[in-house]
Amino acid sequence: MNDVATMEKIVALCKRRGFVFPSSEIYGGMGSTYDFGHYGVLLKGNVKAQWWRAMIGEREDIVALDSAILQHPRVWEASGHLEGFTDPLVDCRTCKQRFRADQLEEASCPRAPSKHPGEHKDCDLTQARQFNLMFETTVGPVKEEGATAYLRPETAQGIFINFKNVLAFARKKPPFGIAQVGKSFRNEITPGNFIFRTREFEQMEMEFFVPPEEAERWHSYWLEERMRWYLDLGLREDHLRLRAHGAEELSHYSSATSDIEYLFPGKDERSERRWMELEGIANRTDFDLRRHAEYSGEKLEYFDQASGRRYVPYVIEPAAGTDRATLAFLVDAYDEEVVEREGQGKGEGRTVLRLHPQLAPVKVAVLPLVSRDGQPELAHEVAARLRALMQTEYDEGGAIGRRYRRQDEIGTPWCVTIDHQSLEDRTVTVRDRDSLAQERVAIEELPALLAERLSAPWRSPKLAGDPA
Ligand code: ATP
């Protein structure tokens, strides 16, 4: 199978179909910030719902948390972020732009747009200096008297500072986890690549507290679980890999980290695909709990009444980016194909998002063939029934072929068409997004049929030609 997706095509589709818009567009835009439109909200919501399902819905050893974005400034002293959450920054004396010294390979010089990434060695760069990525703000009505606070650069610390609260009410003992989804903020030196790297983004993080001697085993366990999550939701196996960090790359708190990487496409057909991080899975040891215990004076440990043992748990952390995962699902689902018209031999092109049905923003579209003769009324009745079960869209405007194309482009797995026969015998046709097969189904049987298909295991049709 050819990989036809490029970042340019994804950006264009996201804008055209209302997934993601450049932010503040009417004011000329604000670099690298984005707003999610209707289908983007639904898609990202489904990504988060699947994550919650894997963390909370399908198991009993993890609880949920939603902590504040603004936290006591001492949190960031204890965590090491104030001192060490920095990236190496270099200036180019020629083009006056700033770059991350460790990402020069990826950056391109705006003064020489035709140059290929990696040609910064031509540039006249300053020595690298450390730049803290935390956004600072002032809390309190009078700026001069206010206290400095930081927008959280990760959701994880909100979990550590609530360890004691959760332990007190959750009736859990290690191994157990605390999961959180929310916005994080980093003043990235070089944001870019659409929603891959932005200054405001969402994370899905889970801290799994374990007896120290079990940490390695749980680290392997979560690597496997998290890989499986992406695969079950339809990402191609040959587009995913695990990469262990080398010693020089490890964060200050980590004894071992592996990244799940996705093979993202380049900007256009001529650019190469590149492996980039989707999620980091770290063994954070007991670093965070020990530091917060030291800085707050609170005891952050677990006392096992059965054995009389008292210890500070180790932490295994799968940390994923919601926006990055959403982008990977979009890219992987993107397909273009030529549809042969029966008997005519001549093909017509279509763009289709072959999203996992659970991720698709809309599950079913109900389309009356014509907007008269009682068809809209029956279509509204069918849509109302389906709406009780799944995200349903009603659309009666324009030629049926164009309405199908629109649903293909937003990844709707099924289109239900109401025609003149429907009014006579209360049957409808169900069109499958991927196979384009059409079948006639009784309206009475339709809700159960689609609900069953929605919950069935799914494999991307893009893999049909590949060995299983
Ligand atoms: P990178 O090396 O790409 O800057 P990181 O290793 O600093 O990322 P982590 O601190 O491990 O990232 O954060 C966990 C996850 O949060 C990342 O795997 C990514 O999916 C997401 N993430 C981090 N920074 C950003 C960002 N600026 N924009 C979007 N997502 C991000």
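**Entry 1: strand β12 and its partners**

I started with β11 and β12, which pair in the antiparallel sense over 5 bridges. The model I am reading is predicted. Next I looked at the pairing of β12 with strand β13, residues 274-285. This pairing is antiparallel too, and I noted 9 bridges. Here Thr257 stands opposite Ala282 of β13.

Then I asked how many residues of β12 are buried. I found 8 of the 9 in residues 256-264, so the strand is largely enclosed by the rest of the structure.

**Entry 2: the sheet with seven strands**

I traced the sheet that holds these strands. It is open, has 7 strands and runs in the order β3-β9-β10-β16-β13-β12-β11. Its pairing is mixed. Which strands stand at the edges? They are β3 and β11 (240-244). Each has a single partner strand, so one side of each is left without a neighbour in the sheet. Neighbouring strands are turned by 25° against each other on average, direction ignored.

Ala64 has Ala179 as its bridge partner in β9. I kept a general rule beside this: in a regular strand the side chains alternate between the two faces of the sheet.

**Entry 3: helix α6**

I moved to helix α6, residues 163-170, and listed its buried residues: Phe163, Val166 and Ala170. Why are they on the same side of α6? They cover an arc of only 70° around the axis, which puts them there. On the other side I found Ala168 and Phe169, both exposed.

What covers the buried residues of α6? The cover includes β3 (62-64), β9 (176-185) and β10 (200-210). Helices α5 (156-160) and α8 (287-296) are also among the covering elements. After α6 comes Arg171, and its phi is positive, near 55°.

**Entry 4: helix α8**

Gly297 follows α8 with a positive phi, near 80°.

**Entry 5: where α2 meets α9**

I compared the directions of helix α2 (residues 38-57) and helix α9 (residues 322-333). Their axes come within 10 Å and cross at roughly 110°. That makes α2 roughly perpendicular to α9. On the α2 side, the contact is made by Leu43, Lys44, Val47 and Lys48. On the α9 side, Thr322, Asp323, Ala325, Thr326, Phe329 and Leu330 take part. I sorted the residues of this contact by type: 5 are nonpolar, 2 polar and 3 charged.

**Entry 6: the sheet with five strands**

I then turned to another open sheet. It has 5 strands in the order β20-β19-β21-β22-β23, with mixed pairing. At the edges stand β20 (392-394) and β23 (438-442). Each has a single partner strand, so one side of each is left without a neighbour in the sheet. Neighbouring strands in this sheet are turned by 25° against each other on average, direction ignored.

Inside the sheet I followed β19 (residues 364-368) and β21 (residues 414-418). They pair in the parallel sense over 5 bridges. Val366 has Val416 of β21 as its bridge partner.

Two helices belong in this entry. Helix α13 (residues 446-455) packs on the sheet and touches β19, β21, β22 and β23. Its direction makes about 165° with that of β21. Helix α11 (residues 400-410) lies across β19, β20, β21, β22 (427-432) and β23. It runs at about 170° to β19.

**Entry 7: Val4**

Last, I looked up Val4, in the segment before α1 (7-16). At 23% relative accessibility, Val4 counts as partly exposed; the cut-off for buried is under 20%. Leaving out residues up to four places away in sequence, I found that Val4 touches Lys9, Tyr334, Asp335 and Glu336. How many residues apart in sequence are Val4 and Pro265? The answer is 261, while their C-alpha atoms are 9.0 Å apart in space.

Methods:
Residues numbered from 1 in each chain as written. Heavy atoms only, no water. Buried < 20%, exposed > 50% of the residue type's maximum accessible area, 1.4 Å probe, protein only. Helix = DSSP H or I, 4+ residues; strand = E, 2+ residues; numbered from the N terminus. Arc of directions from axis to C-beta. Contact = heavy atoms within 4.5 Å. Axes fitted to C-alpha atoms, helices over the stretch in contact; angles between N-to-C directions. Parallel < 35°, antiparallel > 145°, perpendicular 65-115°, else oblique. Nonpolar A, V, L, I, M, F, W, Y, C, P; charged D, E, K, R; others polar. Pairing = 2+ DSSP bridges.
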